[in-house]
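Reader: I'm new to this one and would like a walk through it. Could we take it step by step, in plain words?

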Amino acid sequence: MMDIFMRLYYGGILWDIRGKVFRGIAVDMSKHAALDRYYSYSFLVPGMLVYGIIFVFPTLMSFFFSFTRWDLSTWTYIGFDNYKSFFQEYALVKSLSNTIVYAVLSSGCKVILGLFLAVVCCSKLRTKGFLETVIYFPNILSPLAVGIMFSSLMHPTKGLINQVLSLLGVVGPDWLGNPRLALYSIILTDIWKGVGVSTVIYIAGIKAIPTEYYEACVVDGGNSLTKFAKITVPLVRPARNTVIILSFIGGLRSFGLVWSMTQGGPGFSSDVLASVIYKQYINGFYGLSIAGNVILLILVSMIAFPLYRFLNRGEYAI
Amino acid sequence: MNKLKLTSVIFLVIAFAVGQGGWAAGNDSTLTILCQPTSVTSGLTAELDWIRDTYGIKTAVEVVAGGSEGVNVIKMRIATDELPDILIFNSGSLFTSLNPQSTFVPLTNEPFMKNVDEGFKKTVMVNNAVYGVPIRPMNFGGWLYNKKEYARLGLKVPKTWAELISNCEKIKASGKTAVIGSFKTSWTTQMIVLADFYNVQKLEPNFAADYTANKAKYATSKAALRSFEKLYEIYAKGFMNRDYMSTSYDDAQQMLVDGTGVQWPMLSQVLPVMAQKFPDKMQDIGMFPQPSDDPNINGFTVWMPNAFYITKSCKDIPKAKKFLEYYISATGLNIFKSAQTLDGVFLIKGSTASSDVLAAVDDIVKYTEEGKVAPALEFLSPVKAPNLPQICAEVGTGAVNALGGAKMADDDTTKQAKQLNLPGW
């Protein structure tokens, strides 16, 4: 009897000890796992700190200051007055439509022109390396420098463009001084400058298309036009989507070229949202300028997110 | 090891060189001056050199961007406390927007302030404390004209707006440009509207006070609306040069001197600049004030000059005050005059203009002697539509008519007044 009891007893203790040991090991292990997790996450801390200080914190400050009247040293809360003022700004309505026109036209032309240039650069031309460099080069120039350069090229009498046109017997228009033409001249300059990026992205997209498709097309009796239309165009879709989104968002935010070429002039005819915001800033209306930036953020998000979803619907792996 | 030594030596050398540059700029015996480009003229530099050679006060001038961008840079420097010893800046409403009481050193009771014109003192004064000393003569706003072309076409200086229009028509018929438009330099688009203010304040003496108090508006005041109507009329009758949208400030000077353009609404500050470029042509350039509809109301709108202000971060305030005293002393003003033809009178007692060199000054001096001058609106009111150059460009290109332009100017002013938190808006 005592034996069984002792066996049970000691068995129980052993079981207990075993249990405790097991539980002990489990606790140690989970402590270990937690430490592991903390250890891994801690590598994210520096990056998040930088991101937080440079991006998140100023964005939150912007939201705050957009509701105030601010002169850099003192601020007064005024609610939505800044937003109301911004929407009553005469130049604003025109600038909203100008911004959309700028984004659509510049993005559209870069998408189409970029594809053609990329096809040329992926062909059997011997000079295609040089061509790629020449096409991409304008993109690395500063927008301000490009703007100043084109302003002098586009001078109606002394500029090179009109002088060349006059040699051909055509009287060139006043590119930047004609209120109806100014915005489109800036868009043309923007296309010249930005088409390189589109081309490079397209080249990457075209090179990703397996050559078997082209060979199959030739076997089926297709010519270059069929190859382009039925194979290249559908299959560069990922690259095309990237180009559309990048160039559209860039077009909505455009500022450097507009400011250096016309400062939104003549009058208000080439104002875009970013230049209207900048004008509030240089007049010292800091709260108003921040409100404008928040509006720009909302506008770009409202257009960019749906656009992204629309372009990537039904995406599948090739 | 060698590579490491080499790179560390190069690094030290560069750091030393950069450090040198930094130390030199912080040299305490030099007064640092900050200004915008239009302030740096031959007269100013001559005085700075003279003060350095005679009194041993060295100055270092730093130039920032012109226009409203430069104004913003200066405001930023004030906010971040990176100011020079002396700041050259506008007087009037722009001056008050810099918060003078906390930024500048008051000069009200300094002995050298006795000679400064009382009218000028009002434009650099806040709460009865005077802060500034003028750097150059007053600026007159009116119409520059080519005397030779006027003589050739048998025209007389117009005393009413109707006479001016008829002169323009005769000039246009002869094939020359009647009115030079220099719209590429955007601030010049405002000249016709702003130079008209003498006439406005004669017809409505309380306009400036009412404008500040949100009671008077450009769109509803008959006299003030006339200013916009005059600008629109110049556009509508096709009196400007064909490429006025891309003609700049410099191009316009050339046109006026050559006689291809006969009249140019402009500030007199351009005269010394032209005198340097075209010294033998200045006798052909005259100036008349923008006429009103009434021949008995005829006078110049004047812009008070920029001023020296001593900032509170000046390290040697007594030295800066001495600098100002020498600048506006009689000898100093003579040095200025010999280096830069004076298009007007320094607002210091005892100063005279250079009528021997500039024929236009003869025309101007007659009006100042008869008291037919009045300050521009921006010196009587802290509000001024910040986008006025663009609004005037819209009127001057016919995108809006005069009433539309006036309404836009009023809306713009309302926005600014709200942002400045002025009472009554």
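Reader: Let's start with one helix. How far does helix H11 of chain A reach from its first C-alpha to its last?

Author: Keep in mind that this is a predicted model. Helix H11 covers residues 237-252 of chain A, which is 16 residues. At 1.5 Å a residue you'd expect 22 Å. The reach in the model is close to that expected span, at 22 Å.

Reader: Which elements are included in what covers the buried residues of H11(A)?

Author: First, the buried residues themselves: they are A:Ala239, A:Arg240, A:Val243, A:Ser247, A:Phe248, A:Gly251 and A:Leu252. An α-helix has 3.6 residues a turn, so residues three or four places apart point the same way. As for the cover over the buried residues of H11(A), it includes H4, H8 and helix H14 (286-311) of chain A.

Reader: Is A:Val111 buried, exposed or partly exposed?

Author: You'll find A:Val111 in helix H4 (residues 90-121) of chain A. Leaving aside neighbours within four places in sequence, A:Val111 is in contact with A:Ser198, A:Arg240, A:Val243, A:Ile244 and A:Ser247. Counting other C-beta atoms within 10 Å gives 18. A buried residue needs 20 or more and an exposed one has 12 or fewer, so A:Val111 is partly exposed.

Reader: And how far apart in space are A:Val111 and A:Cys217, C-alpha to C-alpha?

Author: Along the sequence, A:Val111 and A:Cys217 are 106 residues apart. In space, C-alpha to C-alpha, the distance between them is 25 Å.

Reader: Zooming out, how many residues of domain 2 of chain A are in contact with domain 1 of chain A?

Author: The assignment for chain A gives domain 1 as 2-81 and domain 2 as 91-311. On the domain 1 side, helix H2 (44-65) and strand S1 (68-70) each supply at least two of the touching residues. By class, that side has 4 nonpolar, 3 polar and 2 charged residues. Those 9 residues of domain 1 meet a set in domain 2 that numbers 7.

Reader: What about the two chains: which elements of chain A give two or more residues to the side that touches chain B?

Author: The contact involves 24 residues of chain A and 23 residues of chain B. The chain A side divides into 9 nonpolar, 12 polar and 3 charged residues. The elements giving two or more residues to it are helix H3 (81-88) and helix H13 (273-282).

Reader: Over in chain B, why is strand S9 largely enclosed by the rest of the structure, and how many of its residues are buried?

Author: Strand S9 has partners: strand S7 (residues 139-146) pairs with S9(B) in the antiparallel sense over 5 bridges, and strand S8 (residues 177-179) pairs with S9(B) in the parallel sense over 2 bridges. For instance, B:Gly142 has B:Met266 as its bridge partner, while B:Val179 stands opposite B:Gln263. Strand S9 of chain B spans residues 261-267, and it counts as largely enclosed because the buried ones number 7 of the 7.

Technical notes:
Residues are numbered from 1 along each chain as its sequence is written. Chains are lettered from A and ligands numbered from 1 in the order in which they are written. This is a predicted model: local features need pLDDT of at least 70, side-chain atom pairs count only at pLDDT 80 or more; totals for chains, interfaces and linings use all residues. Two residues are in contact if their C-beta atoms, placed from the backbone, lie within 7 Å. Helices (H or I, at least four residues) and strands (E, at least two) are DSSP runs, numbered from the N terminus. Ala, Val, Leu, Ile, Met, Phe, Trp, Tyr, Cys and Pro count as nonpolar, Asp, Glu, Lys and Arg as charged, and the others, Gly among them, as polar. Two strands pair if DSSP finds at least two bridges between them. Domain bounds come from an automatic or database domain assignment. The expected span of a helix is 1.5 Å times one less than its number of residues.
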